[in-house]
Amino acid sequence: MNISNATMAGYAFLKDMYSDSYFPKDLVKKGERILVDLCLEIEASTPSNLSELYALTHAATDGFNDLQAAFEEHGSEIETAAREAIAEDFQNIAKAYGFVDADGEALIATRDW
């Protein structure tokens, strides 16, 4: 299934992580898949308020939480640059789907990285 939102369909997810050799590309790809799946879930469920959106973004954030150990096993981690890249993408997703007032920290409130 493809993203139908015009802004997100051509969006370069986690571009700063892809351009940094510190982050294993296969794990960044898994992170990208989490974000693509988030977009698809937003399109499928069409959240009508921030609470509904946050429920979706928290589930996606939990997916990144699950990746943390894999990053560590490969001598990497979800650190400052990764946190910023991930958080920026969550914010851009929220905006693209009309949630311009979404709080960046609230979007990823369940993170443990």
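## Glycine 98 and helix 5

Just after helix 5, glycine 98 adopts a positive phi of about 90 degrees. The model described here is predicted.

Helix 5 covers residues 80-96. How far apart should the ends of its 17 residues be? At 1.5 Å a residue, helix 5 should span 24 Å.

## What helix 5 buries

Several residues of helix 5 are buried: Ala82, Ala85, Ile86, Asp89, Phe90, Gln91, Ile93 and Ala94. Which elements cover them? The cover includes helix 1 (6-9), helix 2, helix 3, helix 4 and helix 6.

Phenylalanine 90 is one of these buried residues. Leaving aside residues up to four places away in sequence, Phe90 touches Leu35, Leu38, Thr57, Ala60, Thr61, Phe64, Leu107 and Ile108.

## The nonpolar core

In soluble globular proteins, nonpolar side chains tend to be buried together. In this model, the largest nonpolar core has 37 residues. Phe13, Met17, Phe64, Phe90 and Ile93 touch the most other members. Helix 3 gives the most, with 9 residues.

Phe90 and Ile93 are buried residues of helix 5. Phe64 is also among the residues that Phe90 touches.

## One cavity

Rolling a probe the size of a water molecule over the atoms shows where empty space is left. How many cavities of 30 Å³ or more does a search of the whole structure find? There is 1. The largest cavity has a volume of about 40 Å³.

Its lining consists of Tyr11, Leu14, Lys15, Asp16, Ala85, Glu88 and Asp89. By class, that lining has 3 nonpolar, no polar and 4 charged residues. Helix 2 (15-18) and helix 5 each supply at least two lining residues. Helix 5 gives the most, with 3 residues. Ala85 and Asp89 line the cavity, and both are on the list of buried residues of helix 5.

## A loop position

Asparagine 49 lies in the loop between helix 3 and helix 4. Is asparagine 49 buried, exposed or partly exposed? Its relative accessibility is 33%, so asparagine 49 counts as partly exposed. Buried would need a value under 20%, and exposed a value over 50%.

Now compare asparagine 49 with alanine 82. They are 33 residues apart in sequence. In space, the two are 28 Å apart, C-alpha to C-alpha.

Terms used: Residues numbered from 1 in each chain as written. Predicted model: local features only at pLDDT ≥ 70, side-chain atom pairs only at ≥ 80, totals over all residues. Heavy atoms only, no water. 1 Å grid on protein atoms, 1.4 Å probe; cavity = no way out; pocket = protein on both sides within 12 Å on 5 of 7 lines; lining within 4 Å. Points joined across faces, edges and corners; volume = space filled by probe spheres on them. Helix = DSSP H or I, 4+ residues; strand = E, 2+ residues; numbered from the N terminus. Nonpolar A, V, L, I, M, F, W, Y, C, P; charged D, E, K, R; others polar. Core = buried A, V, L, I, M, F, W, Y, C linked by side-chain atoms within 4.5 Å. Buried < 20%, exposed > 50% of the residue type's maximum accessible area, 1.4 Å probe, protein only. Contact = heavy atoms within 4.5 Å. Expected span 1.5 Å × (residues − 1).
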